[in-house]
Amino acid sequence: MPEYRVIDAFTDRPLAGNPAAVLVLDDVYDDAWAQGVAAEFNLSETAFVRPVDDPGADYELRWFTPTVEIDLCGHATLATAHALVELGVPGPYRFTTRSGVLTVAERDGRLWMDFPAKPPVPVPAPDGLAGALGAEPLWVGLGGADDLLVEVADEATVRGLAPDIAALGRLPYHLVIVTARAQEGREGADFVSRVFGPRVGVPEDPVTGRAHTVLAPFWAERLGRKELSAHQASVRGGDLLLEWRGDRVIIGGHAVSVARGELNL
């Protein structure tokens, strides 16, 4: 029977960060089975990883929310690499995914993910956005094809958001990312964010690596430097280190295993 692990990503302590379920499998599996397992765990993402015979990668990695398969997930990738570390598999780890080959390596006591950057381009605010968020946007942009970035006035606005999740789910985006510069004098973060994904079955994601492929280029240009620290201000909260390298974003974080078991399937 397949073994699973539940791992809290982007945190160095249990019961914080973003939990992901990880299944390290030996062979191919049925898509409907994987979607059912993800629905059963009911976490923002469940990762399925298996070895492949590929000169450019060592593993295939796929991510499922409770309702759909997605193209890119940061915290579940970090959790997968952490699972492989625990299993004694040496890195770096090369994953073939819907977003190309992604590499994760250990450095300075953290796991660092090499992801494609998605610098946001300005777009008009969609109708109903301010009402859905309960806050007035200062700037709106699109990162890639599916992720909407919204800058608001300040960190307090980000933290105080109580959005209309149903209204956000009617907008045509996988993620709605809300951000502001960290309050003056705050240690440990250059900017803060919260991320909502009701359209893909995740009302609010606790900590989102994918969102930071949009946020890193945005704030690097605003702040005039390419190395940044970030805090995602969800209830659980999480911290990320970022390096913007043109068409790539390097995302660093910790992870902690909180559960392990076998599926009776």
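Strands here are DSSP runs of E, at least two residues long, numbered from the N terminus. The model is predicted.

**Stop 1: the largest pocket**

Select F10, T11, D12, G238 and D239. Of the 19 lining residues, these lie nearest the centre of the largest pocket. The space inside is about 240 Å³.

Now colour three strands: β15 (227–232), β16 (238–245) and β17 (248–253). Each supplies at least two residues of the pocket lining. Which strand gives the largest share of that lining? It is β16, with four residues.

Colour the lining by residue class next. Five residues are nonpolar, nine are polar and five are charged.

**Stop 2**

**Stop 3: I177 and A211**

Centre on I177. Leave out its neighbours within four places in sequence. What is I177 in contact with? The list runs D147, L148, L149 and V150, then R194 and V195, then A211, V214 and L215.

Move to A211, which sits in helix α6 (residues 209–223). Is A211 buried or exposed? Its relative accessible area is 0%, under the 20% cut-off, so A211 counts as buried. Residues up to four places away aside, A211 touches L175, I177 and V195.

Draw a distance from A211 to R186. The two residues are 25 apart along the chain, and their C-alpha atoms are separated by 22 Å.

**Stop 4: helix α1**

Select residues 31–41, which make up helix α1. Which residues of α1 are buried? They are A34, Q35, V37, A38 and F41. Look down the helix axis. The buried residues fall within an arc of 160 degrees, so they line one face of α1. An α-helix has 3.6 residues a turn, so residues three or four places apart point the same way.

Turn to the other side of α1. A32 and E40 are exposed there.

Definitions and conventions: Residues numbered from 1 in each chain as written. Predicted model: local features only at pLDDT ≥ 70, side-chain atom pairs only at ≥ 80, totals over all residues. Heavy atoms only, no water. Buried < 20%, exposed > 50% of the residue type's maximum accessible area, 1.4 Å probe, protein only. Contact = heavy atoms within 4.5 Å. 1 Å grid on protein atoms, 1.4 Å probe; cavity = no way out; pocket = protein on both sides within 12 Å on 5 of 7 lines; lining within 4 Å. Points joined across faces, edges and corners; volume = space filled by probe spheres on them. Nonpolar A, V, L, I, M, F, W, Y, C, P; charged D, E, K, R; others polar. Arc of directions from axis to C-beta.
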